[in-house]
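Hi,

Here is the structure I promised to hand over. Have a look through it first, and then read on for what turned up.

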Amino acid sequence: MASRTRDGLGRMVIPMAFLLAVAGCGDPGTEPAAAPPEAAGPSAAGFDPAAVLAEFDAADSAASKSGDGEKLAEWETGPALQNSLAGVKRARLSKRVLPGFKHQEPVFAVGGSCFVVSAEMAVDGEDRPRADAAHFTTAADGKWQLSHHVMISDERVAATGAFQRATAHATDEVLEAARRTAITGEVFNRSIAGPADTTVLARSAVLDDQLAAGWSIYTTQMEAASMKVDRRLTASEWAPCAAKTDDGIVGFLTLNVVDTIVSTKDGADAVLAPPAPDLLATGRTTAVKAHTITVARVETFLLKMPLDGGPAAVLGLTDAATEINATN
């Protein structure tokens, strides 16, 4: 959770301010008001999730403010850590200090080896808390670590409506394989402005009007610079736990994608130059010039799947470049 400022999508010359460096603005729709959650205590799984979250907040917040990647790796794993490390690199090169944070009024859906939490997040230097959803899992040594993390725009959805009375379950037990596969394919296809199948995934401002629109602008700008970029999906994974609510399943989907950039001029190299956000996210300060440039990125989506089989909804997303390679 290293970055809390409003950065871009991490693409060249596109200042997409709608995304946080580790968070997406959601399009959750309207949720009914819910009573405040009861105070958390020791769970049936034999641990106190509120105590885990409080310990995490103190340690991870300190690591974020100091920009200590090794400390972050003690408390984070998976796509959350990849996002945080990108945020640390951006902040370091921009000569910024990342703000601390603290979860407030958390609501938990607890399983044996993982849990999902929804809360308001107070960020240092900001007047208004943000809505946050996170997934924690246990490492081999039994230590709890943040593995997935998305902020969304509607506090009521995150802090009360979406997770109120929720229970945690193994994602592959509450969401059948065929549906997971269909949603994964549709999310990726829509992220690159492909045709929409709204029977699988409802229209989403954050996905269709922002992420996909940003991709379209990016590719158009690359064409104007005599380059082309192709994005392919290299891996996908659903988080181990999902929260089952009164009317749906709330879970995290991570896509690993690779952008391949080449010049459209015979014999010319592709160039990725400052102030490209992807360079900052991967810790680079100088231009990359090569026959082929590849940018690996991690994208995490928070989704709600209705129990009645209706189309899934994107509640929020994150997007970060993690690695740049050049091949001559």
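**The disulfide**

Searching the whole structure, which is a predicted model, turns up one disulfide. The partners are Cys 114 and Cys 241, with an S to S distance of 1.9 Å. Their link is right-handed, with 70° about the S-S bond. Cys 114 belongs to strand β2 (residues 114-123) and Cys 241 to strand β7 (residues 241-244), so the bond ties together parts that are 127 residues apart in sequence.

Are these two cysteines buried or exposed? Cys 114 has a relative accessible area of 4% and Cys 241 one of 5%. Since buried means under 20%, Cys 114 counts as buried, and so does Cys 241.

**The nonpolar cores**

The largest nonpolar core is made of 21 residues, and Ile 183, Val 187, Phe 301, Leu 303 and Met 305 have the most contacts inside it. Two or more residues of this core come from each of α6 (177-191), α7 (205-224), β8 (248-263), β11 (292-306) and β12 (313-327). Strand β8 provides the largest share, four residues.

Conventions. Residues numbered from 1 in each chain as written. Predicted model: local features only at pLDDT ≥ 70, side-chain atom pairs only at ≥ 80, totals over all residues. Heavy atoms only, no water. Disulfide = S-S within 2.5 Å. Buried < 20%, exposed > 50% of the residue type's maximum accessible area, 1.4 Å probe, protein only. Core = buried A, V, L, I, M, F, W, Y, C linked by side-chain atoms within 4.5 Å.
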